[in-house]
Amino acid sequence: MRAVPISVVPGIEWPALLSPQGAARLSLMYQLDQSQWWPPEIIKQQQFIQIHQLLTHAFHTTRFYRHRLQDAGFNPKTRVTPEVFSVIPLLQREDIQLHLADMNSTAVPKDHGRVGYTESSGSTGKPVRIHSTSLSQFFWHAMTLRDHLWHDRDFTRNHAEIRVGVGDRTGKNWGYAVKVAFESGPSLMLDIKEPMDRQIQWIQEHRPAYLLTYPSNLREMAGRCLEQGIDFPGLIEMRAFGETVTEETREICRQAWGVGVKDMYSAMEIGYMALQCPGHEHYHVMSEGVFLEVLDDQGLPCRPGEIGRVVVTDLHNFATPLIRYEILDYAEVGEPCPCGRGLPVLKRILGRQRNMLRLPDGTCQWPAFSPRKWPHADRIQQVQIVQKALDHLVVRLVVHFPLAPEDEQAITRIIHDRSGHPLRVGFEYVDTIEKPKNFKFDIFVSEL
Ligand SMILES: [Zn+2]
């Protein structure tokens, strides 16, 4: 796609001369366009120059970090090294909940703009509510635009979203991330609370080129469309966020509509942490916005192929600095990407600790039980697998027709194969499986 930015100078259309906001956005995009191709060590070097700025600010203007950074051996007069950085204790959600007042900067630089609030969606427990600035928003929008440009989206087409907290409405354009620099087609919003049949009908009416929604919603929608032979003509791509995208999610979307899924990894309190590579199904870390570590149980960086805890530092939030924040997700580190980008690779994002299956032998795994491949998958409307004890799982099902005992046995065998353990598997038939308030739905949940 060749999108020409919006020119504001009379008589000049090309090359465009942009508004100050548009020019600022594209000046950042120009830099992001360059830095994505830098070698990893140069990217890291630049990150540590920015980390030094962040730490110095946190040291001087927050009581919480002053002690914490001092104890770790940080001295604002000496450039911070990766070694000093790596001994700063991890920041936990409880730290933010308990010490927020001491973590908020007493002197946010004026040029970072207005200070507001941002809140994690909090699928479980208390949400985290922190301060952030207009500047953080500016970076958020830039990464949104990067995602569009990476995936070569056609701004002239219409873009739909089905998510929490949006009314049934139409916008004139794709929103702030795009409109300061490019003309764009309409955006359409529908609340996720609408029943699936209504969602499908709405998509058929509006025929969006792109649809953004949660992976669990995509799976349900694709299942329903396959069952009823519904296609979405004009659909170019599904966009996912907010939950783990599994291989099965991608496969069912290809089956149902012949389109791919483009995923992104973000959190309200941080912004974008990783975006799907334009050429592959793994992710690139947004290293210009965050310093992202994947750490093993000893707190050491994971190598490619290893799974660890995601720990993230927001490079630009000077209102409530988040330094080495353990976001409670797990990810697998990937090999460098053949696309040539130097931005680090996450092979998979595995979700939260509660999505981890713990086994009697002390090992753990992120299960992919692939319900689409179960016998009579077409009879299963909804499924959730709950771990009740180390050796006990319960499969909760909403079904059109009850499954026969031999079907249950076949499912049990699949679970045994996938987990490699002879777990006890019970079956529970229910009318509906309630989704949490934020509609983030996990197929597998551990109650341990
Ligand atoms: Zn890549």
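These legends accompany close-up views of a predicted model. Local features need pLDDT of at least 70, side-chain atom pairs count only at pLDDT 80 or more, and totals for chains, interfaces and linings use all residues. Residues are numbered from 1 along each chain as its sequence is written, and side-chain values use heavy atoms, with hydrogens and water left out.

View 1. The chain is assigned domain 1 (1–354) and domain 2 (357–446). These bounds come from an automatic or database domain assignment. The C-alpha centres of the two domains lie 31 Å apart. At the interface, 25 residues of domain 1 are in contact with 19 residues of domain 2. Contact means heavy atoms within 4.5 Å. The two domains bury about 1900 Å² between them, 52% of it on carbon and sulfur atoms. Buried area is the accessible area (1.4 Å probe) that two parts lose on being put together, summed over both.

View 2. Strands (E, at least two residues) and helices (H or I, at least four residues) are DSSP runs, numbered from the N terminus. Two strands pair if DSSP finds at least two bridges between them. Strand 11 and strand 12 (residues 307–314) pair in the antiparallel sense over 6 bridges. Valine 294 has valine 310 of strand 12 as its bridge partner.

View 3. Axes are lines fitted to C-alpha atoms, for helices over the stretch in contact, and angles run from 0 to 180 degrees between N-to-C directions.

**View 4. Helix 9 against helix 10.** Helix 9 (residues 215–228) and helix 10 (residues 247–257) pack at an angle of about 35°, with their axes 9 Å apart. Their crossing is left-handed: the near helix is turned anticlockwise from the far one by less than a right angle. Helix 9 contributes Pro215, Leu218, Arg219, Met221, Ala222, Gly223, Cys225 and Leu226 to the contact. Helix 10 contributes Thr249, Ile252, Cys253, Gln255, Ala256 and Trp257. The contact residues divide into 10 nonpolar, 3 polar and 1 charged. Ala, Val, Leu, Ile, Met, Phe, Trp, Tyr, Cys and Pro count as nonpolar, Asp, Glu, Lys and Arg as charged, and the others, Gly among them, as polar.

View 5. The order is 19-18-17-20, with mixed pairing. Strand 19 (424–429) and strand 20 (444–446) are the edge strands; each pairs on one side only. The twist averages 20° from one strand to the next. Strand 18 (residues 392–399) runs parallel to strand 19, joined by 6 bridges. Valine 395 has phenylalanine 427 of strand 19 as its bridge partner. Helix 11 (residues 405–419) packs on the sheet and touches strand 18 and strand 19. The direction of helix 11 makes about 135° with that of strand 19.

**View 6. Two backbone exceptions.** Most residues other than glycine have a negative phi, and most peptide bonds are trans. A cis peptide bond joins tryptophan 14 and proline 15, with omega about -10°. Proline 15 is found in the segment before helix 1 (20–35). Leucine 328, in strand 13 (residues 325–333), has a positive phi near 70°.
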